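Here are my notes on the model you sent over. Have it open while you read, and go through the points in order.

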Amino acid sequence: MLEVEGVSAGYRGSDVVRDVSFHVDEGETVMIIGSNGAGKTTLFRAVCGLLPPSSGEVRFLGEDITGLPAQKVVRRGLAFVPAERHLFPQMTVEENLMLGAYPEKPDPDTLETVLELFPRLGERFRQLAGTMSGGEQQMLAVGRALMSQPRLLVLDEPTTGLAPIVARNAYAALERLREQGLTILVAEQQVPLALAVSDRGYVLENGAIGLAGTSAELASDPRVRSAYLGVV
Amino acid sequence: MTASILDGIVLGLQFGVLAAGLTLVYGLGGVLNLAYGQIAVVSGLVTLLTMEAGVPAVPAALIGLVAGGALGLIFDLTILQPVYRRHGEARVLLSLLLTLGAAFVIDGYLNWRYPLRGLNLRITGDPLVVFGVRMRMGSVVASGITIVVIGVLYWLFRYTRLGRAIRSVIQDEEGSRLVGIDPQLMMRLILVLSGVLAAIVAITRSMVAPVNVRAGFSLTVLGLIVTVVGGLGSIPGAFLAGLVLGIINSVASSYIGTFLSLIILLVAAAITIVIRPTGLLGVRE
Ligand SMILES: Nc1ncnc2c1ncn2[C@@H]1O[C@H](COP(=O)(O)OP(=O)(O)O)[C@@H](O)[C@H]1O
Ligand SMILES: [Mg+2]
């Protein structure tokens with residue numbers, strides 16, 4: 001569904017991410033793990049059209065989307081939830097969700113699914129997004145992305161700034177989306193959480209893919225265990 | 001007192017529309033358009049010349065609105081292009097310089113080609129009594145149009161998908177791109193809208209008093225004062241500040257003197273900014 005081939009990207013002419021290749025197949029949940037500064041956000045920004053890659057190719061649903069601006073990428077079915085969420089703080093939960101469906105009218109069934117997944121959003125329907133807690137904002141960011149009825153949901157460190165229990169709830173929601181058959185790509189530093197919900201993963205180190213494998217393989221790899229799972 | 005307050009409200013509504021055009025462009029794209037008043041004046045002049053060519057006032061005024069919108073579009077397609085390639089402070093500063101240049105060019109041309117011309121859409125008719133105050137017909141019609149315009153703006157931004165999309169760009173540009181909105185396209189639409197609003201101000205003001213071809217800069221300055229008091233980027237703020245300053249202006253004019261009214265507006269603006277640096281309803285720092 002998503003094929004990233006030899007992508008390099010960075011800021012002001014110097015590449016942060018170099019020659020990265022990976023792929024996500026339909027129905028899979030794939031994680032990219034890496035410590036702070038490894039280049040996960042840069043890679044995702046290059047994939048979703050917020051940062052044009054300096055070289056390489058991004059294909060989505062068989063079509064070349066390299067360098068396509070983010071506003072066009074989302075209309076093709078790739079929805080990105082950034083770690084900073086980028087909600088519309090002075091708008092209500094309802095308005096944020098409606099904008100998720102832009103330029104279409106919100107689909108009532110999709111809205112119902114989102115409110116079933118995150119009942120809290122229904123309770124806060126008329127509240128301004130900017131006044132909600134971090135966990136609620138994360139739910140809204142995912143909900144807004146789902147309103148575009150994406151084929152692929154891409155999440156950058158969805159647990160950023162969340163208390164451990166809230167982070168676990170966020171992953172429980174991802175698990176439910178995965179069960180519903182949605183294809184998911186997630187970047188994470190909190191590796192144990194991500195490992196539990198994903199089928200496969202890649203380890204990003206200093207802007208390059210170091211390791212790849214199924215979640216089970218990664219979980220038992222000594223390097224992953226010592227670097228990301230705190231096991232000596 | 002009632003009379004000056006009523007006058008102030010009439011003026012304040014126009015201030016609000018004037019400031020809305022500036023504040024939207026700033027809020028959306030970080031661009032301050034110092035040629036805004038000149039767009040108003042040119043639209044007024046187009047209306048005047050069209051009327052002189054024998055076209056009745058209403059269609060001529062509509063052509064004036066089209067001219068205002070077209071000028072906004074031309075700005076977007078020409079001098080603002082290099083501005084859009086800058087970000088943050090550099091963008092604001094470059095927009096100030098380039099639009100100031102455009103303002104000088106337009107002013108120079110108008111002064112050379114149409115010196116001493118002014119749009120004057122005097123509307124005749126018996127004065128109307130509102131809240132026990134006699135209002136000139138021109139004021140009544142101008143206020144009516146202005147209120148309709150405000151209503152349309154409110155509907156647009158509050159209830160339409162397009163209006164919501166525009167507000168989303170103001171609140172978080174990256175967020176808006178992630179839901180599929182093209183901020184560049186929204187900016188273009190807003191420049192057209194801003195030009196139309198400038199034209200509406202010129203046309204409605206000329207129903208109360210003539211709008212001279214030299215009025216460009218004072219309209220811009222007035223718009224900026226209202227914008228800053230309301231909070232850069234805030235549409236409700238622009239209208240609230242417009243009303244407050246309109247009332248202050250007309251009460252001060254009748255009790256102290258017209259010659260001091262701009263100074264009093266500036267003082268009111270300065271006090272607001274000292275107390276609330278973001279303006280009354282500011283969304284940006
Ligand atoms: N906007 C930016 N401008 C310049 N350098 C950046 C920018 N964003 C990130 N970087 C640099 O790129 C590297 C990778 O950052 P990032 O992609 O955010 O990693 P991660 O998401 O894995 O923590 C870091 O060294 C960071 O300093
Ligand atoms: Mg990151």
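1. Start with E95(A) and R167(B): their side chains meet in a salt bridge, 2.7 Å from N to O. The rule here asks for a side-chain nitrogen of Lys or Arg within 4 Å of a carboxyl oxygen of Asp or Glu. E95(A) sits in helix α3 of chain A and R167(B) in helix α7 of chain B, so the pair joins two chains. Both E95(A) and R167(B) are buried, where buried means under 20% relative accessible area, exposed over 50%, and partly exposed in between (1.4 Å probe, protein chains only).

2. A word on the ground rules. This is a predicted model, with local features needing pLDDT of at least 70, side-chain atom pairs counting only at pLDDT 80 or more, and totals for chains, interfaces and linings using all residues. Residues are numbered from 1 along each chain as its sequence is written, chains are lettered from A and ligands numbered from 1 in the order in which they are written, and side-chain values use heavy atoms, with hydrogens and water left out.

3. Now look at the helix that carries R167(B). Helix α7 of chain B covers residues 161-171, and eight of those eleven are buried, so the helix is largely enclosed by the rest of the structure. Among the buried ones are G163(B), I166(B) and V169(B). The cover over them includes α3 of chain A, along with α1 (2-29), α6 (137-159), α8 (173-178) and α9 (183-205) of chain B. Helices (H or I, at least four residues) and strands (E, at least two) are DSSP runs numbered from the N terminus.

4. What does the wider interface look like? Chain A puts 26 residues into the contact and chain B 20, with contact meaning heavy atoms within 4.5 Å. About 2,100 Å² is buried between the two chains, 56% of it from carbon and sulfur atoms; that is the accessible area (1.4 Å probe) the two parts lose on being put together, summed over both. On the chain A side, Q71(A), F88(A) and Y102(A) lose the most area to chain B, together 29% of what that side buries.

5. How many salt bridges cross between chain A and chain B? The rule finds three. One to check is R45(A) with E174(B), whose closest N and O atoms are 2.9 Å apart.

6. Over all chains, the salt bridge count comes to 19. Within chain B, R117(B) pairs with E52(B), the closest N and O atoms being 2.1 Å apart. R117(B) is in the loop between α5 (89-113) and β1 (118-119) of chain B and E52(B) in helix α2 (residues 36-52), so the pair ties together parts that are 65 residues apart in sequence. R117(B) counts as partly exposed, at 25% relative accessibility.

7. Chain A has a local pair too: E123(A) and R120(A), at 3.6 Å from N to O. The two lie three residues apart in helix α5 (residues 119-123) of chain A, about one turn of the helix. E123(A) is exposed at 59% relative accessible area, while R120(A) is partly exposed at 35%. Elsewhere, E3(A), E5(A), E57(A) and R59(A) are linked in a salt-bridge network.

8. Last, chain A overall: ten helices and ten strands, with 54% of its 232 residues counted as buried.
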